[in-house]
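Here is a short tour for anyone meeting this structure for the first time. Have a look at the sequence and the model, then read on.

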Amino acid sequence: MLKYAFWEMNMNRVGLEVMAYNEGARRTYEKIGFTPEGTLRQYVYRDGVYYDVHLMSLLRAEWDARYAEASRRKG
């Protein structure tokens, strides 16, 4: 999906929001190159509790660098 966003749609930045309690998703996004940008504190109210939301993004140059590196390793 990111390849399509950057190479086909010519986007420069892909951003996302992830709930603070979803640590597994946050770690996964970081592993594929997303960078934390900030936190919207107590942004979502759900089931009587306020939750923080983390903002993350990935830039095309960052994606290109990772993709090119992966392509070289494959052969």
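Let's start with a polar contact: the side chains of His-54 and Thr-39 are joined by one of 3.0 Å. The term covers a pair of N or O atoms within 3.5 Å; within protein, one must be able to donate a hydrogen and the other to accept it, and residues adjacent in sequence count only if both atoms are side-chain atoms.

Before going further, a word on the model. It's a predicted one, where local features need pLDDT of at least 70 and side-chain atom pairs count only at pLDDT 80 or more, while totals for chains, interfaces and linings use all residues. Residues are numbered from 1 along each chain as its sequence is written, and side-chain values use heavy atoms, with hydrogens and water left out.

Back to His-54, which sits in strand β3. Leaving out residues up to four places away in sequence, His-54 touches Leu-16, Glu-17, Val-18, Ala-20, Arg-26, Gly-38 and Thr-39 (contact means heavy atoms within 4.5 Å). Asn-22 is 32 residues from His-54 in sequence, and their C-alpha atoms are 9.8 Å apart in space. You'll find Asn-22 in the loop between β1 and α2 (23-31). Helices (H or I, at least four residues) and strands (E, at least two) are DSSP runs, numbered from the N terminus.

What is the strand order of the open sheet? The 3 strands run β1-β3-β2, with antiparallel pairing (two strands pair if DSSP finds at least two bridges between them). β1 (13-19) and β2 (35-46) are the edge strands with a single partner each, so one side of each has no neighbour in the sheet. β1 and β3 (residues 49-59) are paired over 7 bridges, and Arg-13 has Leu-59 as its bridge partner in β3.

Side chains of opposite charge can pair when their charged atoms come close. Here a salt bridge is a side-chain nitrogen of Lys or Arg within 4 Å of a carboxyl oxygen of Asp or Glu, and the structure holds 4 of them. Among them are these:

| Salt bridge | N to O distance |
|---|---|
| Arg-13 and Glu-37 | 2.6 Å |
| Arg-26 and Glu-23 | 2.4 Å |
| Arg-26 and Glu-30 | 3.1 Å |

Arg-13 in β1 and Glu-37 in β2 are 24 residues apart, so this pair links distant parts of the chain. Glu-23, Arg-26 and Glu-30, on the other hand, are linked in a network of salt bridges. Arg-26 and Glu-23 are 3 residues apart in helix α2, about one helical turn, and Arg-26 and Glu-30 are 4 residues apart in that helix, also about one turn. Arg-26 counts as buried at 19% relative accessibility, whereas Glu-23 is partly exposed at 30%. (Buried means under 20% relative accessible area, exposed over 50%, partly exposed in between, with a 1.4 Å probe and protein chains only.)

Now for the rings. Rings of Phe, Tyr and Trp (its six-membered ring) pair if their centres lie within 6.5 Å; planes under 30 degrees apart count as stacked, over 60 as edge-to-face and the rest as tilted. That rule gives 6 aromatic pairs. One of them, Tyr-45 with Tyr-50, is tilted, at 4.6 Å centre to centre and 55° between the planes. Tyr-45 is exposed, at 53% relative accessibility. The rings of Trp-63 and Tyr-67 are stacked, because their planes are at 25°, with centres 6.0 Å apart. Finally, Phe-6, Trp-7, Trp-63 and Tyr-67 form one aromatic cluster.
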